[in-house]
Amino acid sequence: MLSNEIVLRPRFQMELEEPCSQLVMKFSEVKEIQNRFIISCVDDHIFIKLPKREQHFWSPQLHLEITEKDENSCSLNGFFGPNPTVWTMFMFLHVAVGILFMVDLTWLYSNYNLGNPITIQIIIAVVLVLAWILLYFAGAMGKKKGKPGMRELYDFMNEIVENSKFQIPNSKTSP
């Protein structure tokens with residue numbers, strides 16, 4: 001499940017033989033009876049995070065989207081990612097480096113065609129490529145650092161889905 005080393009935001013999908021509403025209710029009820037993780041439920045989207053005391057800059061969170069297939073089955077799509085603020089900053093930096101690189105290449109091309117020196121533009125291009133590589137490795141390092149947390153979140157989600165550990169009192173979902 002978590003073996004893909006290239007993808008920065010690993011994804012998975014499960015087909016479940018229970019209605020969407022029942023699965024969402026499980027997560028809502030477990031949210032009230034446990035304090036190991038922070039669970040947020042918004043419609044058919046569920047977010048599971050590590051507790052504040054265990055979070056660090058690269059801490060993962062698990063986003064689950066539940067899609068109804070038919071009356072008695074659903075599809076659970078999940079993906080791991082850092083805090084949305086961290087992810088937005090990370091993507092902003094990637095886009096900024098890309099735009100600056102394109103601007104620098106345009107400047108380099110213009111100076112080259114005009115016969116002007118292009119040393120500064122080449123240095124800037126090399127620095128931007130190195131910055132892009134650094135961003136990639138920072139993301140890969142963050143993913144590696146967050147892998148234990150990803151495993152915890154995934155195992156916790158499986159406990160709820162399988163309802164093996166959590167016995168929900170007075171549950172409307174129980175037979």
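Colleague: What makes residues 86–108 helical in this model?

Modeller: Over residues 86–108 the chain is 100% helix and 0% strand, with the end C-alpha atoms 33 Å apart. Helices here are DSSP runs of H or I with at least four residues, numbered from the N terminus. The model is predicted, and local features need pLDDT of at least 70. Residues are numbered from 1 along each chain as its sequence is written.

Colleague: Where does the UniProt record place the "transmembrane region"?

Modeller: The unreviewed UniProt entry lists residues 86–108 and 120–141; such annotations may be inferred rather than shown by experiment. Residues 120–141 are also 100% helix and 0% strand, and their end C-alpha atoms are 31 Å apart.

Colleague: Why are α2 and α3 called roughly antiparallel?

Modeller: Helix α2 (residues 84–114) and helix α3 (residues 119–162) pack at about 160°, with axes 9 Å apart. Angles over 145 degrees count as roughly antiparallel, under 35 as roughly parallel, 65 to 115 as roughly perpendicular and the rest as oblique. α2 and α3 are therefore roughly antiparallel. By class, their contact has 18 nonpolar, five polar and one charged residues.

Colleague: How does the reach of α3 compare with the expected span?

Modeller: α3 has 44 residues and reaches 62 Å from its first C-alpha to its last, close to the 64 Å expected at 1.5 Å a residue. The expected span is 1.5 Å times one less than the number of residues.

Colleague: Where does α3 bend?

Modeller: α3 bends by about 45° at Lys147, and Pro148 follows within four residues. The bend is the angle between axes fitted to the seven residues ending there and the seven starting there.

Terms used
Predicted model: local features only at pLDDT ≥ 70, side-chain atom pairs only at ≥ 80, totals over all residues. Heavy atoms only, no water. Axes fitted to C-alpha atoms, helices over the stretch in contact; angles between N-to-C directions. Helix = DSSP H or I, 4+ residues; strand = E, 2+ residues; numbered from the N terminus. Nonpolar A, V, L, I, M, F, W, Y, C, P; charged D, E, K, R; others polar.
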